[in-house]
Amino acid sequence: VAAQLGVPEDAQRYWVWQQRQNKTYRPTSRLKPDEESAHIVDLREHREMGHTTAKHALMDLRLYLEIPWPPESPVQTPNRQEINLFFKYYDPQAESLKYVGHRYVLKSYKVCEIFPLMAKLAGLPLDTPLQAYEEVKWEPTVMICAIDPQFTLHQEAQLESGDIICFQKAVPDLPQAAAAAADDSSGLIKAAPESMDIDEEQQQQQTAQQAAQQQQDLQQQVQQQLAAAQNHPHAELLQCTFPRVPEFLSYIRSRRQVTFRRLEEPKEPGLQLELLREDSYDTVVAALAAKLGLADPTHLRLTQHNAYSNMPQRTPMKFREKSSLQGMLQHAGHATDTLYYELLDMPLPQLEQLKSLRVHFHNDKTEFVGEHVVHFHNDKTEFVGEHVVRLPRDACVGDVLAELGSRLGEEYKGRQLRLLEVYHSKIYKVFEPSEEIANMDANYWLIRAEPVPPDEGVPLPPGHRLIHVYHNRSPKPDPAAAAAAAAANNNDAAAADGAAAQPATPANSGGGGFVSGSGGGGFVSGSGAAAGPLATFGDPFLLRIAPDETLGQVKARIQQKLGVAAAEFATWRAAFVSIRAAPEFLGDDEVLASRFAAADSQHAVAESNYLGLAHEDKGVRRPASSVNRYTYERPVKIYN
């Protein structure tokens, strides 16, 4: 200790910590001379031996090192009539609370008798009026009690060795408000009704006069107290933000440095505000609005922080949903210091009366082209992207499509639209125009709108139907498996010398095939080695097929619909995928309608059979519809 802390050995004195009933720890007794000379391992009674103490802590010995204060003074040897007190001085003007030393004082002293000592420790004139507080505990709330200057330290103030006294310049007490001490109606003289007796009328008037006199006396008393406070030597301290120690410590305990980030930019540094954890919802949004220069705080909506993903939560906070800042900064038992905000074009209470749907609009090529992107090509403006539609909660899908159609420009004017429910690149539902939107969940499902092709309008011609077409990732070729397959083909060719050649089929050709597996099947190479589970990606779509239409004809329409180059589309392979059997590649001459059973509706809900297009995924990976999708207005971007 002497080497690391620079305290000479003869200036070191050790105390034992003791836990009190209020769960605080204070140094209570000094080690005796025989204990100071003993080995540390022998000080068993001073170790922390609680039931919850970990095994590695059973040998922990926690001591308090007392050094002379001030350092140049000799070590003091107290007697039993003295207690060791610690002192902190608070300066309201500087808003600082600092430790100024410890001293041994007689238990029988009154608190006012050690005021000169405290003033000397703080560097104040010895006759400075002071007021003292005992710092009792910090958790779970600040507890600091004022000490009567006329109390004796030990017997009346109940101070012991190790206790902490916070002191400051005395601050005058402000008078009680007259309105809080007097009844509002006590000074009013009410007119007596005509039916009231003369005695009752006189009694009422006397009562009213007495109440008015009491209120006048109280106001005079308040004025006298205000005058006395103004003449106090430390009256200027009343103008401080925290004029007294309890107010300052409560502020220190409750203050929170909160980071506010725009919901559209959750990774940006954002701005910081110092708030109190007891601040109400209104106080928080008002402080943020003032920082942003926003006139109306109700145009702000807050979103809590997800402590696990380190991103905003999916669902924003409702208006006054959390009563305090402390509740806003809690997620699943974890405390955070981040909140996200967004600017609204209407007050939040009004917005919550509406149903907000985030709808992804896709064009005729099934493309979702970014975030409110406007493309200029061939002198045309194409509005595709994400749209926020707000309607009354009793509105229906037809109202959503009508509102969306009014935003899409001339290219889509008058065209029929439909609304789909998509999840993991699969279509799970096609909404009927009469369905209500109250129970639609745009946070879990991806709600997609698209124009209906002219040949897919309801009703369809007899025998025609809509099928689901999904994109499946084609497996990357395995060089080792390809070499093994080539060797196997050479051996088979040698063994079957002179035999008739077996015609190639999708199942046995070297180009690959499907096999059934967990999750609905998987792709395999020609050698039979599994190449991964069947996975969908990209934007699924619906397609009309005729009863006698072959796969080759359907593929030609798909190529034209998606705008895929012929050379690239030649590498795509089509398969019939069902949950009841292994996926199967199809030949171009096969009639596709024979693979799909008739359904009661024009398009099945959560279609289990679909046409899979196996090809390489060259598109930009977007997160799934239910992952990391946040409800915020995105900016308009224009690309020329």
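## Strands β27 and β28

Strand β27 (residues 573-577) and β28 run antiparallel and are joined by two bridges. Strands here are DSSP runs of E, at least two residues long, numbered from the N terminus. Two strands count as paired if DSSP finds at least two bridges between them. F576 has E584 in β28 as its bridge partner.

This is a predicted model, in which local features need pLDDT of at least 70 and side-chain atom pairs count only at pLDDT 80 or more, while totals for chains, interfaces and linings use all residues. Residues are numbered from 1 along each chain as its sequence is written, and side-chain values use heavy atoms, leaving out hydrogens and water.

## The five-stranded sheet

β27 and β28 belong to an open sheet of five strands. The order is β26-β22-β29-β27-β28, with mixed pairing. β26 (536-545) and β28 (584-585) are the edge strands. Each has a single partner strand, so one side of each lacks a neighbour in the sheet.

Helix α12 (residues 551-562) lies across β22 (465-473), β26, β27 and β29 (610-615). Helices are DSSP runs of H or I, at least four residues long. α12 runs at about 120° to β26. Such angles run from 0 to 180 degrees between N-to-C directions, and axes are lines fitted to C-alpha atoms, for helices over the stretch in contact (heavy atoms within 4.5 Å).

## Strand β1 and its partners

Which strand is joined to β1 by five bridges? It is β2 (residues 25-30), and the two run antiparallel. Q19 pairs with Y25 in β2. β1 and β2 form a hairpin with five residues between them. In the turn, K23 has a positive phi of about 70°.

β1 (residues 13-19) also runs antiparallel to β3 (residues 63-66), with four bridges joining them. Here R13 stands opposite E66 in β3.
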